[in-house]
Amino acid sequence: MTRAITVSGLCKSFGRTRALDGLDLDVETGEVHGFLGPNGAGKSTTIRVLLGLLRADAGAAQVLGRDPWTDAVEVHRRLAYVPGDVTLWRNLSGGEVIDLYARLRGGVDRRRRDELIERFELDPTKKGRTYSKGNRQKVALVAAFASDVDLLILDEPTSGLDPLMEAVFRRCVEEERDRGRTVLLSSHVLREVEELCDRVSIIRKGRTVESGTLAELRHLTRTSVTAELAGPPDGLSRLPGVHDLDVRGRRVRLQVDTDKLDAVLRSLNASGVRSLTSTPPTLEELFLRHYQDEVTPR
Amino acid sequence: MTATGLAARPAAPRRPAGPRRLAGTGTLLRLALRRDRVMIPVWVAVTALMVLSMPNTLNTLYGTAAERAQLRAQMAANSSLRALVGPVFDDSLGALTAWRVGVYAGALAAVTGLLVVVRHTRDEEESGRQELLSSGMVGRRAPLTAALLAAAVANTALAVLIAAGLAGRGAAGAVAFGLAVGGTGMVFATLAAVAAQLTESARLARGLTAGVLGAAFVLRAAGDSATNDGSSPLTWLSPLGWLENVRPFAGERWWVLLLPAAATTVQAGLAYGLAGRRDLGMSFLPTRPGPAEGRLAGAGALAWRLQRGSVLGWSTGFLLAGVVYGGMTDGAVDLVGDNERARQIFERMGGHAGLTDAFLSSMAGMLGLVASLYVVSSVLRLHGEETSGRAEPVLACAVGRLRWAAGHLAIAFGGTVWLMLLAAAGLSLGYGERPGALVAACLVQVPAAWVIGGAAVLLYGVLPRLTTAAWGVACGVLLLGWVGPSLNLPQTVLDLSPYGHLPKLPGGELTWGPVLALTAIAAALVTAGLAGLRRRDVVA
């Protein structure tokens, strides 16, 4: 399978600020790829390089098998982009803007356009200046989903959408994947990423810090365990991979590195287990750990 | 001055309860003045300079009492020139200054007032900034009050500068003139405040007020061409007519100042009344819905859709200006022909041969200079689209940067030709003869305007941060063209302007060398600018 996006060692500086510092990113064709990172990590800069709007200082980027800087127009013919903050022309109606974008991408699927307008509950006759933030976002989303393209690049696309519309958005992304399209989704809504993405890349300070499927990433992280025991716990604190141990009488709470879970369970069993809950790490915990590294080094 | 009374109703003493509708006015006023710390001083200084430099200019042109008396007599007999500048009420230098620049200073003050008020009322609501401000301790009437006070500050400063600067020519006249100009500014500031309540978009509010200003100019012009003493009812319908009827330095008629004061008070009251009856961000003229489906076929069509309104506005202006200048040609030639120094200046500005040719040539040249403002504003649409973030999604479609830019540039450079053709049509209509020669005279201006447009493209493509410096280039060329000839500047300085190299038509010889050279320079500038645009990052 060819990759939809390959990026290696990408660097980009603005004056003295180093926005990208050797970033790597691989997006397989047909997958929904989550692109995560704290504010200012370089997500939007990466996307703008992928769109050929910025020229990288160093490193290589390929989008749909081409160089996005030299072959911008050919690349753009096959992709649709939704920015996180959509600005519309004040005196053009939403419908006009949707059709314009679709035409500039080389074709609109009329039936799908009308269906999407219906699903997103958008009034296409309103002028650009009268739309709320969420509705401006819908205009760009409808234009993107209605376009006949192979790759969708979505930069925090759901900012300003209500939960119902977020659900519509998620269904649309799933439909796109079912049609074999590739989606690069930059988002801070972790539930959305967990639900939609096949693989994720987490970046920090212009570098990729983690990349893989959610299962792979979870493996690297901790499971939280809460247990009610029959007798007093014994020796838990000496086990490797146990963190944040909190014992109150016979109630035990702890975090354990997922690959050391077995030893912990055996130790708990030795004291007799009355009840046990174990939660796999959420993406949020994963995320927080990478985000907070600076504050609390591992 | 006249205006301050209306808006500056002092804030009610602080009471613990009650609506406190003016709460926060002081803070908002400081915010407005801080945001306008460049714009207001520049407008005020330019307007004041225009007024205060006029006595000297007039003194060089009409140095003796006899010359000034002759000028007055000629104006009394020349209705087309009176339409342009109004009647002369007295032949002292002070009165002539008020005559020559009064209407224009008033118009500039009006533009300042309307820009300031709309910027701090409807603009703030439209952008959503007002919502955040008004969520603080800000009374319902505070935003409008702060905007009107900011306009009052600007107009008071202008009135004081004019009164102080002209005091040497008669204190009463200077004060009356300052009040008349500042009062006109406040009439349009409060009118803009009303418009800002009516429309949902700031642009439309500015457009409506500017439209009324244009109508005021036309009414006054019509009235003044009909009568020689400003007594026509048409003149009295126009705030600009009130200004001239104050008659500074010519037996001031103080009571006339009551008219702008009354208009200001009534309009401010109306604006407050309307503002109290609507919600934040709402308007009395709601936006109409647009089509649900679009027919814009591509980047070029989008560029035309975005620029067509302003092209239409410029077209109207060029055609009308052509008709007006063409129509006053004969009258102006009669007047200038009797004054040796004025004739010299006209000949330096324009051609050599007959005075008619010189006049027509300098009018074509003037419109050509103004066309450079059009071409810059049109080229800078690219910059506006890019910095607002609207260009980014378009460029993320299958649209190359050059194709995206080409649409706007075709309108900018092609539009220049179109405007000069309209100017030629207008001049021919007004003058009634020699359409062929006038088309040549106007079209020959195009390469010079293109060079300025090319400079704007170069700045935009290569130094995007400095794009707005293109306005500086255009204004520099404008100043060289308008003021240069009467300042006795050395030829090397005058040669900096591309317009200085153009053949003087009609009357002069059509030399192709400079025309082709300027066209080539413009093409080179555009090419270099586009090459830069292709290579650089898109500005976020």
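I began with the contacts of B:Val379, where contact denotes C-beta atoms, placed from the backbone, within 7 Å. Excluding neighbours within four places in sequence, I found B:Val379 in contact with B:Leu409, B:Ala412, B:Gly453, B:Ala456, B:Val457, B:Tyr460 and B:Ala470.

The model is predicted: local features need pLDDT of at least 70, side-chain atom pairs count only at pLDDT 80 or more, and totals for chains, interfaces and linings use all residues. Residues are numbered from 1 along each chain as its sequence is written, while chains are lettered from A and ligands numbered from 1 in the order in which they are written.

I next looked up the nonpolar cores, each a set of buried Ala, Val, Leu, Ile, Met, Phe, Trp, Tyr and Cys residues joined through C-beta atoms within 7 Å. A buried residue has 20 or more other C-beta atoms within 10 Å of its own, with C-beta atoms placed from the backbone. The largest core holds 242 residues, and B:Val379 is among the members that touch the most others, together with A:Val142, B:Val117, B:Ile162, B:Ala192 and B:Ala193. I noted a second, separate core of seven residues, including A:Val252 and A:Val256.

Chain A has 10 helices and 13 strands, taken as DSSP runs (helices H or I, at least four residues; strands E, at least two) numbered from the N terminus.

Finally, I examined the interface: 33 residues of chain A are in contact with 29 residues of chain B. On the chain A side, H3(A) supplies the largest share, eight residues.

Key. A residue is buried if 20 or more other C-beta atoms lie within 10 Å of its own, exposed if 12 or fewer, and partly exposed in between; C-beta atoms are placed from the backbone. Two residues are in contact if their C-beta atoms, placed from the backbone, lie within 7 Å.
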